[in-house]
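Trainee: Could we go through this structure together? I should like to begin with the terms and then turn to the details.

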Amino acid sequence: MADPRLMDRMFQRIMRGLVDTGRAPHYAELARALGMPVEEGRLLLHDVMRAYPIGWLHPDTDYIASFPPLNNQPTQYRITVRGAQRWFAQCGFEATSATWLFPGEAVRIDAACLDCGDPVTVEMRDGRLVWVDPPSAVGHLNYGFGASRGRPPFL
């Protein structure tokens, strides 16, 4: 396993890239920012992803697919900050965590209800709900039982 301080620096660069641009940086960009050879950056990215198991790389690639609470690939959980919708959340619950990445800002989450398809909007600021439409919205965690228990449905 790589040096934990170096892994932390890469973690911060990935998260900062997602917050600033809405996309995860490529390992070549990360390597350059950290002052290391590209291949070393690629290997360090894999170390970071193994240490952060709720995020993952797109299968059989070195591309960041998800780095919670944000997702590098579009999802139904669209996040808007300062009038710009350039972020996506990994899931509905992670979407509510995105508020901490934008301190002092209104963070709007728009999604379709996965049961009926109706629109659901949540607005938060600094971890607090500001507005929810419809007001009766609830969260649901679709965690499998039986043979699927413990296997994330997205893998």
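Mentor: Let us start with accessibility: buried means under 20% relative accessible area, exposed means over 50%, and partly exposed lies in between, with a 1.4 Å probe and protein chains only. This is a predicted model, in which local features need pLDDT of at least 70 and side-chain atom pairs count only at pLDDT 80 or more, while totals for chains, interfaces and linings use all residues. Residues are numbered from 1 along each chain as its sequence is written, and side-chain values use heavy atoms, with hydrogens and water left out.

Trainee: Where do R16 and D20 lie?

Mentor: Both lie in helix α1, four residues apart, about one turn of the helix. Helices (H or I, at least four residues) and strands (E, at least two) are DSSP runs, numbered from the N terminus.

Trainee: What span should α1 have?

Mentor: The 18 residues of α1 (residues 4–21) should span 26 Å at 1.5 Å a residue, and the end C-alpha atoms are 25 Å apart, which agrees. The expected span is 1.5 Å times one less than the number of residues.

Trainee: Which residues of α1 are buried, and what covers them?

Mentor: M7, M10, I14, M15, G17, L18 and V19 are buried. Their cover includes α2 (27–34), α3 (38–51), β2 (64–67), β3 (70–71) and β5 (84–89), where contact means heavy atoms within 4.5 Å.

Trainee: What happens just after α1?

Mentor: G22 takes a positive phi of about 85° there.

Trainee: Back to salt bridges. How many are there by this rule?

Mentor: The count comes to eight. One of them joins D62 and R42, whose closest N and O atoms are 3.3 Å apart. D62 lies in the loop between β1 (56–57) and β2 and R42 in helix α3, so this pair ties together parts that are 20 residues apart in sequence. E39, R42 and D62 are linked in a network of salt bridges.

Trainee: And which residue does E105 meet in a salt bridge?

Mentor: E105 meets R82, at 3.2 Å, N to O. This pair links distant parts of the chain, with E105 in the loop between α4 (92–97) and β6 and R82 in the loop between β4 and β5, 23 residues apart. E105 is partly exposed at 25%, whereas R82 is exposed at 56%.

Trainee: In what sense do β4 and β5 pair?

Mentor: Strand β4 (residues 78–81) and β5 pair in the antiparallel sense over four bridges; two strands pair if DSSP finds at least two bridges between them. V81 stands opposite A84 in β5. Two residues separate the strands in this hairpin, where R82 takes a positive phi near 50°. β4 and β6 also pair in the antiparallel sense over four bridges, and the bridge partner of T80 in β6 is R108.

Trainee: Lastly, what does D110 touch?

Mentor: D110, in strand β6 (residues 106–112), touches Q76, Y77, R78, T80, V120 and T121, not counting residues up to four places away in sequence. D110 is buried, because its relative accessible area is 14%.

Notes
A salt bridge is a side-chain nitrogen of Lys or Arg within 4 Å of a carboxyl oxygen of Asp or Glu.
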